[in-house]
Amino acid sequence: MKIKEIIVVEGKHDAQKIKSCVDADIETTSGTHLSADLLKRLKAMNETRGIIVFTDPDGPGEMIRKKIIEAVGTCKHASLSTKQSRHNQKVGIEHARCEDIVHSLSMCATYDVKGDTLSWYAFVDLGLTGQKDSQEKRDLIADAFNMPITNGKRCFQYLNMMHKTKEDIIEVLKGV
């Protein structure tokens, strides 16, 4: 599989794993400290070829994703679940199976930072926060829309960046 966009991962082991699965150019963040130069380079790459942010499904990966969104704006995102990327006690892209990586890259979601399509009232009304089963519902939504599993506030932001509506979410939650 050939990827046109530049894939942004956390480290060299993630880059090696991705390169073993797909034909792509890779940029690494080298951890959670993203320099101003790196963020400027990512913004330029996004404007010319596009980038796909593909970070680990953990706290540091989420922090990197957030920093890139703030600096770059609208771009594509791929994600894996913790289950797909776990090996022993470690979690990371480097531990995932190639078939899961290829599937995630083929299902990239574009996070557009302009405009809201879902109100906070609708989000709460759908039971995606403040209820016993809210995390379970958010997990289903994350799987359906290929986004990271996260807390309520971040889920709300991701859904708006993907221009998802209340109706889109109702469709996913019908079986719950």
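**Exercise 1. Is Cys 155 buried or exposed?**

Solution. The model is predicted, so local features are taken where pLDDT is at least 70 and side-chain atom pairs count only at pLDDT 80 or more, while totals for chains, interfaces and linings use all residues. Residues are numbered from 1 along each chain as its sequence is written, and side-chain values use heavy atoms, with hydrogens and water left out. The classes are buried for under 20% relative accessible area, exposed for over 50% and partly exposed in between, with a 1.4 Å probe and protein chains only. With a relative accessible area of 1%, Cys 155 is therefore buried.

**Exercise 2. Determine which cysteines are joined by a disulfide, and describe the bond.**

Solution. A disulfide is taken as a pair of cysteine sulfur atoms within 2.5 Å. The structure holds one disulfide, and its partners are Cys 21 and Cys 98, with an S to S distance of 2.1 Å. This pair links distant parts of the chain, since Cys 21 lies in helix 1 and Cys 98 in helix 4, 77 residues apart. The torsion about the S-S bond is about -75°, so the disulfide is left-handed. As for accessibility, Cys 21 counts as buried at 15%, whereas Cys 98, at 28%, is partly exposed.

Next, consider Cys 75 and Cys 155. The cysteine sulfur closest to that of Cys 75 belongs to Cys 108, at 10.0 Å, which is too far for a bond. For Cys 155 the closest cysteine sulfur is that of Cys 75, at 18 Å, again too far for a bond.

**Exercise 3. Characterise the packing of helix 1 against helix 4.**

Solution. Helices (H or I, at least four residues) and strands (E, at least two) are DSSP runs numbered from the N terminus. Helix 1 (residues 12–21) and helix 4 (residues 98–106) pack at about 85°, their axes 9 Å apart. Since angles of 65 to 115 degrees count as roughly perpendicular, this is the class to which the two helices belong. Contact means heavy atoms within 4.5 Å, and on the helix 1 side Lys 17, Ile 18, Ser 20 and Cys 21 meet Cys 98, Ile 101 and Val 102 of helix 4.

**Exercise 4. Locate the largest nonpolar core.**

Solution. Such a core is a set of buried Ala, Val, Leu, Ile, Met, Phe, Trp, Tyr and Cys residues joined through side-chain atoms within 4.5 Å. The largest has 20 residues, and Leu 159 and Ile 169 are among those with the most contacts inside it. Helix 7 gives the most to this core, with five residues.

Note on methods. Axes fitted to C-alpha atoms, helices over the stretch in contact; angles between N-to-C directions. Parallel < 35°, antiparallel > 145°, perpendicular 65-115°, else oblique.
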